[in-house]
Amino acid sequence: MNKITYCYHSHTKRCGHASGEDEEYIKKAIEAGLKDYGVSDHVILPNVIQSGMRGAYYLLDDYLNSIKNLKNKYKNQINIYTAFECEYMPQYEDYYRSLLEEKKVDYLILGQHCYFKRGEVIWYHLHGVTGLLEYTEHLIAGMKSGLFLYVAHPDLFMCVTGKWDNLTKDCAQKIIDAAVKYDIPLEINLGHVRVYGMRHFAGTYSYYEYPFTPFWEMVAKTKARVVIGFDSHRPIDVLYPGLEAVEHIVNATGVEPIYNLSLKDKKNKI
């Protein structure tokens, strides 16, 4: 398999479900021989407390300053970028846009996990078919917004209903078609591979998690662009991201991910 030179999907301990110090991740990225490393923790939102999912708003300046300092410290060894992984929600579109326009972050990635409705957190995976349809609708709206560099774990919908049926396939096709229409790459996400291992690809579909090979078979038939996301939650994940899953998907489907990707001269656009 080709050597990957970048990681643009990574987290910090501020989100509440990752560990390690910011600098430890950077040191591991250098050890791994990466040229580009983006820190993209779950977006910190004003007036939102969501323990175990995202950092409280008072942590924003600490986050931004920490990454800025690391950029300067390691500028001769690796390109470091500041970012967030965001759920698209219309009420936060202006906030996201301001993060970009004020150059507080270099890019945003689109990762739908939940949304807020009348002050309540709605998790897609708890709402079956309704969650599947909402996930698809919201993900496509996020792609259309033009705010995001790429789509993280687009096949997360397999966690919602656990069924690869006609409805799920239709939603998958809509997501892929939108990625082509809005020219936004889709990410082969490696987070669950590290947690659950290669049993994802044991030859049966009794265990539904992402990356989901049949989804990538559909992607391979289109002109959708594909990137790789480490989704690192521990410094060691940068050294051992689970690239064997990418190799499996490439061999099984013929999809062609981008292995060498630099944002140095292409801010907020691949």
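Me: Which residues does Tyr96 touch, not counting residues up to four places away in sequence?
Reply: In this predicted model, Tyr96 is among the residues with the most contacts inside the largest nonpolar core, together with Tyr37 and Phe84. Once residues up to four places away in sequence are set aside, the residues that Tyr96 touches are Val43, Leu45, Cys86, Glu87, Tyr88, Leu108, Leu147 and Phe148.

Me: Which element gives the most to the largest nonpolar core, and with how many residues?
Reply: The core in question has 90 residues. The element that gives the most to this core is helix H5, with 6 residues.

Me: Are H5 and H7 parallel or oblique to each other?
Reply: Helix H5, residues 166-181, and helix H7, residues 213-220, pack with their axes 10 Å apart and at an angle of about 45 degrees. Angles under 35 degrees count as roughly parallel, and those from 65 to 115 as roughly perpendicular. The two helices, H5 and H7, are therefore oblique.

Me: Is Tyr58 buried or exposed?
Reply: Tyr58 is found in the loop between strand S2 (36-42) and helix H2 (60-73). Its relative accessible area is 68%, and the cut-off for the exposed class is over 50%. Tyr58 is therefore exposed.

Notes
Residues numbered from 1 in each chain as written. Predicted model: local features only at pLDDT ≥ 70, side-chain atom pairs only at ≥ 80, totals over all residues. Heavy atoms only, no water. Axes fitted to C-alpha atoms, helices over the stretch in contact; angles between N-to-C directions. Helix = DSSP H or I, 4+ residues; strand = E, 2+ residues; numbered from the N terminus. Parallel < 35°, antiparallel > 145°, perpendicular 65-115°, else oblique. Core = buried A, V, L, I, M, F, W, Y, C linked by side-chain atoms within 4.5 Å. Buried < 20%, exposed > 50% of the residue type's maximum accessible area, 1.4 Å probe, protein only. Contact = heavy atoms within 4.5 Å.
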